[in-house]
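Please look through the sequence and the structure before reading on.

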Amino acid sequence: MSLPLIDGTNKYYYYTVLTQLRFTKIVNILFIVQSLGLGLVKFALLQSIFLFSQLIFELPSGVLGDLLNKKIVVSAGLIILTTSPMLIYFTYYMPEFESFPALILAFTLEGIGNALLSGTDDAIFFETIRDEHQEKRYGKIRGNIQLISAIAMGIANLTGGILYSVDQFYPFLFQSLMLLLALMIIASINNKDKVREANRDTNLMQNLRDTLGVFKLLTKSSNIFFLFVYSSIIAAVVNAFFGLLPEYISKIGFTSAQNGGIFMLFSLIGGLIATQAYRLSGVKLNRLIFTILLVLFLSLIFQYGGNKYVFLIGIGLIYIILDILDPIIMEMLHLWVSDKSRATVISGMSLFISLVTMIITPAMGLLIQKTNTIITGSFTAVLMILLTVTAYILRA
């Protein structure tokens, strides 16, 4: 199947929209706790199972993407992600002794499906864009992807709740349909898998050693190693803090609907910034570092503004750091790494972020309990400042 009138860039955009329309994201907890009556503890357990399965399959999925046909790996992930929402819904018709094991299976599949996509789909689209001689625009394209993702997630959160109020089945059905359309886009990609062709007559174990050897090579390139470690730790710190933030936002007087709107606004602003972040890719490192430090120092000032709206501006400035860094770093990584190891490196990066996030999150939760969220937010900004200064010193 092919869509000749749609170039690789637009396919990337359409694919991003379809895979980010996760209508069940905000209704899963309502369905499992209220409709199935399983309680918050079991829902939390299911979330842990999902995260763990995604974590352990993250790097293997990237290796598979580099050793095998990337389209097959991504297609398998999309098929899995198409079936898991339907399995969750149909537990409604099962007795409890069957429904909970079925939910465990569904959440495990969700984690595996996400892992199969992670890194490998980005690698496919970069190679497609490069084959169309548009790789110099990748930083700008990646920024646009950030914005498109933010808009799609916001629409999914809003629409998912509406669909659920009409019929509980609709969010699960329409999410699966969106992923099937994404599968059609992947099937339409015609770029040659040069790596697979080159590996056809080569020993599998040798291919595996060569693929994983990219991490050894990564440590020998100071620029790339700096980008890999620094951006991964920054992403983990931001993920950990913002994962704990919604409860505090509710405590300071915002409703649950306003809470979701605040995070949607953060995403949209960050996405808009990401569309312009590629302009910084050509500036000197010290100017980029100065920009990041300036944003973080402003965040500290606003967090102690004495007003809940000013506080939101302060934490919003923390949130956009990733949107400044992502287009620049992903462009540099894609241009540095070879086709043979591209999916492995990106999946390895996701694995590293997940591991650091798992370590940092309990520590931040304890800090919030012992102090308060404003102090934790300030600690987050200060930690990011220290990481940025340290990274710059090491690179100097």
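Where is the place of H133? H133 lies in the loop between α6 (120–131) and α7 (138–166). The model is predicted: local features need pLDDT of at least 70, side-chain atom pairs count only at pLDDT 80 or more, and totals for chains, interfaces and linings use all residues. Residues are numbered from 1 along each chain as its sequence is written, and side-chain values use heavy atoms, with hydrogens and water left out.

Most residues other than glycine have a negative phi. H133, which is not glycine, has a positive phi near 65°. H133 is also exposed, with a relative accessible area of 68% (exposed means over 50% and buried under 20%, with a 1.4 Å probe and protein chains only).

The protein has 17 helices and zero strands (DSSP runs, H or I of at least four residues for helices and E of at least two for strands). Of its 396 residues, 50% count as buried.

Two of the helices, α4 and α5, pack together as follows.

| Item | Value |
|---|---|
| Helix α4 | residues 70–90 |
| Helix α5 | residues 96–117 |
| Angle of α4 and α5 | about 155° |
| Distance between the axes of α4 and α5 | 8 Å |

Because of this angle, α4 is roughly antiparallel to α5 (angles over 145 degrees count so). In the pairing, residues including V73, L81 and I88 of α4 meet residues of α5, among them A102, L109 and L117 (contact means heavy atoms within 4.5 Å).

Note on methods:
Axes fitted to C-alpha atoms, helices over the stretch in contact; angles between N-to-C directions. Parallel < 35°, antiparallel > 145°, perpendicular 65-115°, else oblique.
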